[in-house]
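Please look at the sequence and the 3D structure shown here before reading on.

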Amino acid sequence: MNYSAIKYNDIANGTGVRTTLFVSGCRNHCKDCFQPETWDFDNGDPFTEEVEEQLLASLDSEYISGLTLLGGDPFEPENQKALLPFLRKVRAAYPDKNIWAYTGYVLDRDLIPGGRRWCEATGPMLDCIDILVDGPFVTEQKDITLKFKGSANQRVIDMTEYRRSGKILRLYEK
């Protein structure tokens with residue numbers, strides 16, 4: 001897997017101050033995507049063990065709330081397989097930090113068994129995530145007043161509640 005960028009001390013992609021990893025590779029190709037360069041799976045640099053260690057070290061600061069994954073799309077199967085071992089390391093080292101992930105896929109359609117982006121890593125990866133922002137960016141539903149999402153169709157989902165009850169609890173709704 002490649003990654004396009006890392007942002008340390010990010011305050012835009014989740015609550016608090018975060019470390020944010022922009023993965024490379026996305027098949028959604030949303031119209032007016034804010035980072036079309038991340039569609040290419042070969043964009044950026046290889047996601048090596050050294051990069052993982054740098055990311056883990058960045059989470060060590062008390063003021064860092066957690067990790068955010070976006071891209072590209074972390075839920076492309078190739079990316080899931082590379083990210084799952086890393087997310088397990090984050091969970092083991094920092095159980096009190098939260099993990100957010102952004103995907104253009106829809107949780108209860110695409111990321112379930114039989115869904116178009118389900119693979120052997122999907123369930124365990126979802127188990128590592130606290131907040132999932134799902135759904136493609138839709139230009140016609142763009143709204144800059146929305147919190148943590150770009151278009152009204154997207155959902156900010158409490159994954160802890162989803163795992164507990166199977167119901168989607170949408171956060172930050174107007």
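This is a predicted model: local features need pLDDT of at least 70, side-chain atom pairs count only at pLDDT 80 or more; totals for chains, interfaces and linings use all residues.

Residues are numbered from 1 along each chain as its sequence is written, and side-chain values use heavy atoms, with hydrogens and water left out.

Helices (H or I, at least four residues) and strands (E, at least two) are DSSP runs, numbered from the N terminus.

| Element | Residues |
|---|---|
| helix H1 | residues 49-58 |
| helix H2 | residues 77-93 |
| helix H3 | residues 107-110 |

The axes of H1 and H2, which are lines fitted to C-alpha atoms over the stretch in contact, with angles from 0 to 180 degrees between N-to-C directions, come within 11 Å and cross at roughly 30°. That makes H1 roughly parallel to H2, a term for angles under 35 degrees. In this pairing, Glu52, Leu55 and Leu56 of H1 meet Phe86, Lys89 and Val90 of H2, where contact means heavy atoms within 4.5 Å.

The buried residues of H1 (under 20% relative accessible area, with a 1.4 Å probe and protein chains only) are Val51, Glu52, Leu55, Leu56 and Ser58. Seen down the axis of H1, these buried residues fall within an arc of 160°, so they line one face of the helix; the arc is that of the directions from the helix axis to the C-beta atoms.

Asp110 is found in H3 and is buried, with a relative accessible area of 2%.

Notes. Angles under 35 degrees count as roughly parallel, over 145 as roughly antiparallel, 65 to 115 as roughly perpendicular and the rest as oblique. Buried means under 20% relative accessible area, exposed over 50%, partly exposed in between (1.4 Å probe, protein chains only).
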